[in-house]
Amino acid sequence: MKWRLALAALAACTPVLACIHPPAGYSGSVEQGGQEAIVFWNQGREELVVKNDFRIVPGPDGGLPGRIAWVIPLPAAPDHYAVEDVEIFREMFQAWQERQPPLKNDSKGLPRNGIEILEAVSVGEYEIQPIRATGEEGAKALGEWLAENGFGEIPAANMAWYVERSWVWLAVEVSAARGEESLVRNGSLRPLRVSFATADIVYPVLFSAGKGSFDVSLYVVTAEEIEGVHAAARSFGFSVDGEIPMALPDGVEAIQRRADQEGAWKPIRTPVVTRIVGRGVNGERNRLSSWTQDFRISTAPAGEKGN
């Protein structure tokens, strides 16, 4: 048995996770909790570690769902994938709480019907099939491919913003043998880390439009304070809890070392951690349907920042 997940990644230079749901016909439910991420950004590279908590409510027969669908867009086709220990989020939370930062007032395949099947990737419990989709034709072909391969139906409206920009979608299967123990014990799969080039700091949220209200917690690790981060966060209905120079917890720092060994990442020697939170995202006060772009923070100098 495998759990199937669908993820999306942007293949053009320009993640909040969409609601997790079980397959049709499952008599139980999968309830989504909070969403967390650790975002490393340095010199045009991002290391994004995403964690999505959920609770499975078994059906009358007490069984687990045969598959679970999960969708996430990213701002570039990843060139490296990894899984990380879920404990890094506890470590980061504790390290952040100890500092109690004050708030600031500063504001591979051949194209076919609009899709291209890329080289498959296997990492940890995840089997990942990237697919590039472009335009309306690509959206239609991608939807058909996902449905035919057991990933369920994705509303065309949720695809539109991404296919206009030729994003790459990652269709992921989770091996029950390798993932069930962690899923049942922790209420979450091991965090998936993806590495990609991006001029801006990004975390995909827009794809979750129409999926109900949720909270988001981001720890953004950079080499210096992010200019204009308060105003940027407010423009998406988010807020900044603080910005502090701090030594990273051992488990989090180890991610930098591994990413450095993998090739493209340049480790941050004196990190600044910015905590950005979104409360009640897609609720009455912050509907994703009103957004005109996905969440991003420009790293360009103030005079060069676009809208």
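View 1. Asn 286 is buried, with a relative accessible area of 10% (buried is under 20% relative accessible area, exposed over 50% and partly exposed in between, with a 1.4 Å probe and protein chains only). The model is a predicted one, in which local features need pLDDT of at least 70, side-chain atom pairs count only at pLDDT 80 or more, and totals for chains, interfaces and linings use all residues. Residues are numbered from 1 along each chain as its sequence is written, and side-chain values use heavy atoms, with hydrogens and water left out. The loop that holds Asn 286 runs between strand E14 (272–281) and strand E15 (296–297). Helices (H or I, at least four residues) and strands (E, at least two) are DSSP runs numbered from the N terminus. Leaving aside neighbours within four places in sequence, Asn 286 is in contact with Phe 236, Gly 237, Phe 238, Gly 280, Val 281 and Trp 291 (contact means heavy atoms within 4.5 Å). Asn 286 and Phe 238 are 48 residues apart in sequence, and their C-alpha atoms are 9.2 Å apart in space.

**View 2. Strand E13 beside E14.** Of the 7 residues of strand E13 (residues 239–245), 5 are buried, so the strand is largely enclosed by the rest of the structure. E13 and E14 run antiparallel and are joined by 6 bridges (two strands pair if DSSP finds at least two bridges between them). Ser 239 has Val 277 of E14 as its bridge partner.

**View 3. Strand E10 and its partner E4.** Strand E10 (residues 192–197) is mostly covered, with 5 of its 6 residues buried. Strand E4 (residues 80–83) pairs with E10 in the antiparallel sense over 4 bridges. One of the residues involved is Tyr 81, whose bridge partner in E10 is Val 194.

**View 4. Glu 84 in the loop between E4 and H1.** Glu 84 is found in the loop between E4 and H1. Its relative accessible area is 4%, so Glu 84 is buried. Not counting residues up to four places away in sequence, Glu 84 touches Val 49, Arg 190, Pro 191, Arg 193, Ile 255 and Arg 258. Val 49 is 35 residues from Glu 84 along the chain, and 7.8 Å separates the two C-alpha atoms.

**View 5. Helix H1 against helix H6.** The axes of helix H1 (residues 87–99) and helix H6 (residues 250–262) come within 7 Å and cross at roughly 120 degrees. Axes are lines fitted to C-alpha atoms, for helices over the stretch in contact, and angles run from 0 to 180 degrees between N-to-C directions. H1 and H6 are therefore oblique to each other (under 35 degrees is roughly parallel, over 145 roughly antiparallel, 65 to 115 roughly perpendicular, and the rest oblique). H1 contributes Ile 88, Glu 91 and Met 92 to the contact, and H6 contributes Asp 250, Gly 251, Val 252 and Ile 255.

View 6. H6 has 13 residues and reaches 19 Å from its first C-alpha to its last, close to the 18 Å expected at 1.5 Å a residue (the expected span is 1.5 Å times one less than the number of residues). Gly 251, Val 252, Ala 254, Ile 255, Gln 256 and Ala 259 are the buried residues of H6.
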